[in-house]
Amino acid sequence: MQGDEIAELIGRVALGDRRAFVALYNQTGPKLFSICLRILKDRPEAEEALQEVYISIWQRARSFSVASGSSSAWLAAIARNRSIDALRARKPVADELDTVYDLADAGPDPEMQTVTKDEGRRIDTCMEELEADRAVAVKRAYVEGLSYQELADQFGIPLNTMRTWLRRSLLKLRECMER
């Protein structure tokens, strides 16, 4: 989606158009989520921050001006600022061990760790079945959060080709994981 289209959606959101808000979320949600996740490094916290981002977008859409900058930069700034606010709001880590001695270990138990490692190995094995460039594209898209356009630019291929690569790769991965 082009910046002009996103700017148009933001303008419609400013008028209270719920369908435009849904379309904006569908188009920009993955990218803004990746920003939140990169900063917070905690998936549930990033999901909560993303929800606050879209509340803020709904409330502040009227303040967006095409003349003041790109729509993507405006949205990214909101996501970045909300994530940093969430990061600052975290409770400080206890300085003394005596204050946290009776806390239970919140980490996974040994059985869950083994299951997770086995699942990770299966994913790695399935990733090896993909062509090398496809595997790199999948990792960059779904682990690092790069957009299809960013990947297409990095690989020097058309956007629709990148979409096809990722779709076919995910189908192969699903098929492999179901074996």
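A disulfide is a pair of cysteine sulfur atoms within 2.5 Å. The model described here is predicted, and a search of the whole structure finds 1 disulfide.

**Disulfide and cysteines**

- The disulfide is formed by Cys126 and Cys176, whose sulfur atoms are 2.0 Å apart.
- The pair links distant parts of the chain, since Cys126 belongs to helix H5 (residues 110–128) and Cys176 to helix H8 (residues 159–178), 50 residues apart.
- The link of Cys126 and Cys176 is left-handed, with -80° about the S-S bond.
- Cys126 has a relative accessible area of 4% and is buried; Cys176, at 7% relative accessibility, also counts as buried.
- Cys36 is buried as well, with a relative accessible area of 0%.

**Aromatic pairs**

- Phe64 and Trp74 have ring centres 5.1 Å apart and planes at 50°, so this pair is tilted.
- Phe64 lies in the loop between helix H3 (43–60) and H4, whereas Trp74 lies in helix H4, so the pair ties together parts that are 10 residues apart in sequence.
- Phe64 is buried, with a relative accessible area of 13%, and Trp74 counts as buried at 14% relative accessibility.
- Phe155 and Trp165 form an edge-to-face pair, at 5.6 Å centre to centre and with 75° between the planes.
- This pair links distant parts of the chain, with Phe155 in helix H7 and Trp165 in helix H8, 10 residues apart.
- Phe155 counts as partly exposed at 24% relative accessibility, while Trp165 counts as buried at 12%.
- Phe21, Tyr25, Tyr54 and Trp58 are linked by ring pairs into a cluster.

**Helix H4**

- Helix H4 (residues 71–89) has 19 residues, which should span 27 Å at 1.5 Å a residue; its end C-alpha atoms are 27 Å apart, in agreement with that expectation.
- The buried residues of H4 are Ser71, Trp74, Leu75, Ala76, Ile78, Ala79, Ser83 and Ala86.
- In general, residues three or four places apart in an α-helix point the same way, because the helix has 3.6 residues a turn.

**Surface patch**

- A nonpolar patch on the surface is formed by Tyr142, Tyr148 and Leu170, which together have about 270 Å² of accessible area.
- Tyr148 is found in helix H7 (residues 148–155).
- At 32% relative accessibility, Tyr148 counts as partly exposed.

Methods. Residues are numbered from 1 along each chain as its sequence is written. This is a predicted model: local features need pLDDT of at least 70, side-chain atom pairs count only at pLDDT 80 or more; totals for chains, interfaces and linings use all residues. Side-chain values use heavy atoms; hydrogens and water are left out. Helices (H or I, at least four residues) and strands (E, at least two) are DSSP runs, numbered from the N terminus. The expected span of a helix is 1.5 Å times one less than its number of residues. Buried means under 20% relative accessible area, exposed over 50%, partly exposed in between (1.4 Å probe, protein chains only). Patches are made of residues with over 30% relative accessible area and no salt bridge: like charges are joined within 9 Å, nonpolar side chains (Val, Leu, Ile, Met, Phe, Trp, Tyr) within 5 Å. Accessible areas come from the Shrake-Rupley method with a 1.4 Å probe; for residues, only the protein chains shown count as cover. A salt bridge is a side-chain nitrogen of Lys or Arg within 4 Å of a carboxyl oxygen of Asp or Glu. Rings of Phe, Tyr and Trp (its six-membered ring) pair if their centres lie within 6.5 Å; planes under 30 degrees apart count as stacked, over 60 as edge-to-face and the rest as tilted.
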